[in-house]
Every structure is written in C-alpha cells, then in structure tokens.
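Visitor: I am new to this structure and would like a close look at a single part. Please take me to its pockets, and then on to a few contacts and backbone details.

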Amino acid sequence: MTGAAPLPEDPTILGRLDQLHADLTRHATYDLGFPGATDLPDMTAVSRFERLLLNNVGHPYAAGGSYRLHTKVVEHEVVQFVADLVDAPLDNRHGYVTTGSTESTLWALWQARQHLPGAAVFASTAAHYSVAKNAELLGLRLHLIPADDRGEIRYDVLRAAVADHRRTRRGAGAIVIATIGTTMTEAVDDAALIDEALTLAGVAPEQRWIHADAALAGIPLALCDPLSRPGFTFADGVHSFAVSGHKFLATPFPCGIVVALADRHTGRGSITYTAAPDSTITGSRSGHAPLWLWYLLRYWGLPGLRGRAIAARDLAAYTERQLHGIGWPAWRAQEHAFTVVFPRPPQHLLDRWPLATDERGNAHVVCMPGKTRDLIDRFVTDLAHTLTGTVSLPGSVAC
Ligand SMILES: *Cc1c(COP(=O)(O)O)cnc(C)c1O
C-alpha cells in the first residue's frame with residue numbers, strides 16, 4: 001500500500017468495514033436483553049462536527065480557558081436540562097458530561113470522600129457492578145445491603161448497617177448509592193426512604209451523601225407524575241444524580257451526565273497548561289458527546305421524550321402479557337419499568353437471543369424505545385416453540 005492511495009478505495013478496508021457493519025446490524029435485530037434504544041433520529045445536522053477535533057478539557061463551566069475548540073456552551077445546557085428535570089436547586093448545581101454512569105459514580109464517590117472523610121459506602125446487592133470497582137479504586141469501604149425479591153434495597157437492614165458503622169467508626173458519615181432502576185429488574189431504591197433510614201441511624205444531614213445511579217431509568221421516571229413515582233430527585237434528598245446517554249437518550253456511543261449540589265463540590269486548582277480549573281475524572285473530555293446529547297434533547301423535547309417513555313412502558317406491559325399468554329411467568333419490578341423479568345429460558349434460545357441472566361435464575365428483556373411488538377412477538381414465538389419442542393430453532397447466531 002502506498003502512502004498516497006486514498007484509503008476508502010482500498011478494497012480490503014472497505015471489505016472489512018462492510019463485514020463488520022453487516023455483523024453488527026444482524027446482532028442489533030436480536031438485541032432485547034440490553035438497554036440500548038434503537039430509535040436514533042437522522043443526525044445529519046450534527047454530523048459535520050465529526051470532522052472537528054472537539055475537546056471539553058477541564059472544568060465544564062470554565063469556557064475562558066486557552067483551548068477554544070470545545071462545546072462547553074452546549075454541555076452546560078445539557079447539564080441544566082437534566083438538573084431541571086430532577087429538581088436540582090437553581091442556585092446550587094454543578095455537573096458535567098461524563099463517559100457514562102460508571103465515571104459518574106466514580107466522580108460522585110470521589111467528591112463524597114473529600115466531603116466526608118472516613119465515610120463508608122452502602123449499596124444494595126442489586127447495585128451495578130461498577131459500584132464495587134469504584135469503591136475499591138478510591139479505597140472506600142463498601143457495605144453491601146441485601147435487596148428484596150424484586151431488587152429494591154432493604155431499608156431496615158441499611159439503617160442497622162449504618163448505625164453499626166457509626167458506632168464502630170465513632171460517628172463517621174455515610175455515602176449511599178441509590179440504584180434508580182437496577183440493571184437486572186429495574187427496581188428503584190427510594191431515595192426518600194434511604195434519607196429516612198439515615199436519619200433513624202443518627203446521621204446528621206451534613207454527614208450524608210446519597211448518589212442516585214439512574215443510568216437507564218432517570219429521565220423516563222423524571223417525566224412521570226411525581227405522585228406516582230418513587231423518590232429519586234434532589235427534592236427527595238439526593239446530593240448527586242447520574243444518567244447514561246447511551247441508554248434512554250440513544251446516543252450511538254457511551255456517555256453520561258452527572259449533576260451534584262455545587263456547595264458539595266470540591267474542584268482542583270487551575271491547570272497552567274490549559275488555564276482552566278480541573279474538576280472532572282478524565283483530563284480531555286469528548287466535545288462531541290455533549291453536542292449529540294444536546295441535539296437529541298432538543299430534537300425530542302419534553303413531549304417527545306415522554307412519548308418514547310410511554311411507548312416503551314406499553315411495550316413492556318405487552319411483553320408481560322404475551323409471556324403470560326404462553327404460560328411463562330413474567331413480572332416487572334415497578335409499574336414504570338421497561339424491563340420484564342422471567343425465568344431463564346433454555347440455553348439454545350439464549351444462543352439466538354442473547355439475554356442478561358442472573359444468579360437467581362432470572363433473565364430479562366428491556367423494552368427500549370425503538371423496540372417493536374413485532375420483535376417481541378418473534379421472541380415470544382421462539383420461546384413458545386422451544387417450550388413445546390414442536391419446532392427446532394435454526395442454528396445459533398455466532399458472536
Ligand atoms: C448501565 C448502568 C450503569 C453503567 O452505566 P455506563 O453508562 O454504561 O457506565 C450503572 N448503573 C446502572 C444502574 C446501570 O443500569
């Protein structure tokens with residue numbers, strides 16, 4: 001290959017890309033088990049930015065640094081949009097666009113550790129696996145609290161564990177990760193009940209930090225009638241809140257948004273190299289992620305986002321009914337969930353339909369925006385045939 005040849009004309013490159021694209025598209029048609037939305041609109045309006053190197057390096061609000069090729073103006077608007085949805089106080093909010101909810105949890109725990117030296121972390125056994133990893137990275141002690149059968153944290157056990165921690169650690173603070181939509185069942189830990197448990201365990205308001213890990217369910221729940229949903233907002237006592245961009249908001253790459261109380265935020269000093277303060281986990285940060293998020297939020301607007309959430313819930317209710325219809329037990333952890341949980345189907349069905357499964361013997365489908373009744377019908381029909389054994393499935397789809 002000579003250096004002068006334009007790459008797209010190299011047939012081996014195009015061939016590889018065609019093959020990869022075909023494989024990925026085929027996998028996408030069987031994706032029911034993971035929370036990726038598939039109704040991404042035409043993104044032509046922002047695609048021209050793909051040819052610009054955009055780096056939101058450093059502090060999200062410090063637009064005055066010496067590096068100019070960034071999208072902090074729209075990043076700020078994205079953070080404000082989410083902060084408004086979850087009642088973050090207007091005069092006391094901070095946040096930024098992260099690489100995803102994993103980084104958001106790491107950042108929240110890092111902030112909490114600076115604010116509450118000696119505090120321990122409490123999370124349910126149904127919390128995302130990244131909680132344990134992040135606690136370990138920060139050298140924070142993690143107490144795992146059992147969840148009930150649906151996957152919601154046991155508030156009575158939390159209260160006892162926090163009280164015990166305070167007795168043995170002479171009044172040290174408590175950091176609680178409230179999972180707002182667990183990965184397996186989409187159960188919601190009610191932040192107001194967690195707040196109450198901390199009060200009962202004798203934790204003063206300034207000694208607690210509740211982080212709401214709302215990777216999938218945060219935006220859809222925020223669009224529900226507040227009287228019909230569990231507590232998970234700043235009004236319910238959380239100090240930080242995170243959603244993923246590549247779940248409900250459908251960005252075609254991983255990203256996330258974290259919001260926190262500004263008066264709990266501890267930044268780092270100004271970096272000479274960029275002349276901007278550093279307050280995030282990574283140094284260089286994507287300038288494209290905020291732009292894609294901003295466009296999607298503006299494109300759908302609140303009514304569009306609400307409509308997508310309602311359609312997803314309707315599909316989940318439909319899925320539950322169809323599964324019951326073939327005699328397969330199925331349930332949802334709460335009425336707003338997109339996730340339908342059922343006993344793990346036979347392995348040869350899972351070869352065709354890759355589903356997440358857990359140690360309790362459950363599997364689930366997540367009825368994300370863009371999934372259709374037709375897709376559900378195909379899955380349920382396959383399951384019904386597997387159960388009755390009347391039709392053998394075609395060969396499995398290799399990964
Ligand atoms: C998906 C998920 C995460 C991880 O989010 P990423 O954005 O993929 O890092 C964390 N917590 C919960 C509850 C999740 O569902």
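Guide: Let's begin with helix α4, which gives the most to the lining of the largest pocket, with 4 residues. Helices (H or I, at least four residues) and strands (E, at least two) are DSSP runs, numbered from the N terminus. Please keep in mind that this is a predicted model, where local features need pLDDT of at least 70 and side-chain atom pairs count only at pLDDT 80 or more, while totals for chains, interfaces and linings use all residues. Residues are numbered from 1 along each chain as its sequence is written, and side-chain values use heavy atoms, leaving out hydrogens and water.

The largest pocket has a volume of about 780 Å³. A pocket here is an open set of points on a 1 Å grid over the protein atoms alone, where a 1.4 Å probe fits, with protein on both sides within 12 Å along at least five of seven lines; lining residues have an atom within 4 Å of a point. The volume is the space filled by probe spheres set on points joined across faces, edges and corners. To find the pocket's middle, look for Ala-126, His-128, Thr-182, Thr-183 and Met-184, which lie nearest its centre among the 42 lining residues. Besides α4 (101-115), helix α5 (129-137) and strand β11 (362-366) each supply at least two residues of this lining. Sorted by class, the lining holds 21 polar, 12 nonpolar and 9 charged residues (nonpolar: Ala, Val, Leu, Ile, Met, Phe, Trp, Tyr, Cys and Pro; charged: Asp, Glu, Lys and Arg; polar: the others, Gly among them).

The second largest pocket has a volume of about 320 Å³. Gly-36, Ala-37, His-246, Thr-251 and Pro-252 are the closest to its centre, out of 15 residues that line it. Its lining comprises 9 nonpolar, 4 polar and 2 charged residues.

Now for the contacts: the structure holds 12 salt bridges (a side-chain nitrogen of Lys or Arg within 4 Å of a carboxyl oxygen of Asp or Glu). In one of them, Arg-308 meets Asp-39 at 2.7 Å, N to O. Arg-308 belongs to helix α9 (residues 288-325) and Asp-39 to the loop between α1 and α2 (44-47), so this pair ties together parts that are 269 residues apart in sequence. Arg-308 is buried, at 8% relative accessibility, whereas Asp-39 is partly exposed at 23% (buried is under 20% relative accessible area, exposed over 50%, partly exposed in between, with a 1.4 Å probe and protein chains only).

Next, find Arg-150, which is partly exposed at 36%. Its side chain meets that of Asp-148 in a salt bridge of 3.5 Å, N to O, and Asp-148 is partly exposed too, at 22%. Arg-150 also forms a salt bridge with Glu-152, whose closest atoms are 2.8 Å away, N to O; Glu-152 is buried at 13%. Through shared partners, Asp-148, Arg-150 and Glu-152 are joined into one network.

Last come two backbone details. Most residues other than glycine have a negative phi. Asp-87, however, has a positive phi near 60 degrees. Asp-87 sits in the loop between α3 (72-85) and β1 (93-98) and is partly exposed at 41%. Arg-170 has a positive phi as well, of about 45 degrees. You can find Arg-170 in the loop between α6 (155-168) and β4 (174-179), where it is exposed, at 81%.
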